[in-house]
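I opened a new page in my notebook today.

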Amino acid sequence: MEKKDFAGVFPYLVSPVDLEGGVQEKVLRRLVDHLIARGVHGLTPLGSTGEFAYLTWEQRKRVVEVVVESAAGKVPVVAGVAHTSNREAARQAREMEKIGADGVLAIMDSYFPVPPEGVVSYFRGIAEAVSCPVVLYTNPSFSATNLSLEAIEKLAEVPNIRYLKDASANTGNLLTIMNRVGERIKVFSASAHIPLFVMMMGGVGWMSGPACVIPGQSVELYDLARNRRWEEALKLQKRLWNINRIFQKYALAACIKACLEIQGFPVGPPVPPQQPLSGAAREEVGKVLQELGAR
């Protein structure tokens with residue numbers, strides 16, 4: 001696969017792990033094949049949907065190995081890296097690049113409060129550990145540490161920090177970031193934003209859990225936006241928004257894994273102590289899938 005800029009639809013993959021802690025490689029490979037066949041532009045294992053915070057290093061490593069092997073260069077793989085310490089995060093990033101990941105999704109895990117200069121040093125350390133492109137990931141809903149505008153501006157000076165995936169749901173702040181950093185950092189939408197609107201502002205695509213469940217529809221929306229067919233794109237975005245709404249209503253990994261189970265991918269429940277969707281919640285998720293023709 002020729003090295004090129006990241007753009008388009010990058011589903012956040014689930015991490016299928018059995019009750020003994022083993023990665024269910026067969027179903028993960030099948031999911032990768034399915035997503036590529038539906039036209040996605042890249043794959044992102046170990047994002048929030050991938051439950052990285054609940055996995056051991058060996059589980060994380062194996063998930064990425066399986067995805068890289070299965071993708072076989074057909075689309076780029078951007079692997080999540082997260083830890084509380086700079087040294088370990090940098091080590092993970094180097095390992096992911098050795099495995100064959102085409103890029104790194106940099107996530108900051110935290111326990112004690114970290115001052116702004118510490119946040120910058122963490123992400124800079126990851127970028128300096130690898131030669132591949134780095135995607136900054138900020139998700140204030142799940143992380144105690146958020147990337148400020150000032151921190152993003154400083155990190156934009158690092159040559160291989162080239163992308164930002166923002167899950168703040170603050171679209172106005174996202175536009176402010178775009179205005180300040182220009183073309184130095186390109187922006188991916190998250191499911192917390194309305195992807196079409198981010199594309200209209202100059203975004204390059206979206207990295208999200210919903211794209212794992214509605215890959216074909218997500219690619220169609222991206223293509224419409226790229227071709228500036230705004231009226232058709234808005235009509236489709238309105239229809240698809242219900243899947244974003246349902247993922248925001250319920251626990252993320254549990255919801256997406258329930259969707260995939262309904263679609264015939266036996267990915268299993270979320271990693272304990274998380275709990276699977278059941279009863280009325282699972283029925284509601286199934287109804288949304290059916291309405292979108294994704295069941």
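Predicted model: local features only at pLDDT ≥ 70, side-chain atom pairs only at ≥ 80, totals over all residues.

Entry 1: I looked up the strand order and found an open sheet of seven strands, running β1-β7-β6-β5-β4-β3-β2 with parallel pairing. Its edge strands are β1 (8-11) and β2 (78-83), each of which pairs on one side only. From one strand to the next, the twist averages 30°.

**Entry 2: V187.** I next picked V187, which sits in strand β6 (residues 186-189). Is V187 buried or exposed? I count V187 as buried, because its relative accessible area is 2% and the cut-off for buried is under 20%. Beyond its neighbours within four places in sequence, V187 is in contact with L164, L174, M178, V198, G203, V204 and G205. I also checked L31, 156 residues away along the chain from V187: their C-alpha atoms are separated by 26 Å.

**Entry 3: two helices.** How do the axes of α3 and α4 cross? Helix α3 (residues 86-99) and helix α4 (residues 116-129) have axes that come within 8 Å and cross at roughly 30°. Angles under 35 degrees count as roughly parallel, so α3 is roughly parallel to α4. Their crossing is right-handed. From α3, the contact uses N86, A89, A90, A93, R94 and E97; from α4, S121, Y122, G125, I126 and A129. I sorted these contact residues into six nonpolar, three polar and two charged.

Technical notes: Residues numbered from 1 in each chain as written. Heavy atoms only, no water. Axes fitted to C-alpha atoms, helices over the stretch in contact; angles between N-to-C directions. Helix = DSSP H or I, 4+ residues; strand = E, 2+ residues; numbered from the N terminus. Parallel < 35°, antiparallel > 145°, perpendicular 65-115°, else oblique. Left-handed = near helix turned anticlockwise from the far one by under 90°. Contact = heavy atoms within 4.5 Å. Nonpolar A, V, L, I, M, F, W, Y, C, P; charged D, E, K, R; others polar. Buried < 20%, exposed > 50% of the residue type's maximum accessible area, 1.4 Å probe, protein only. Pairing = 2+ DSSP bridges.
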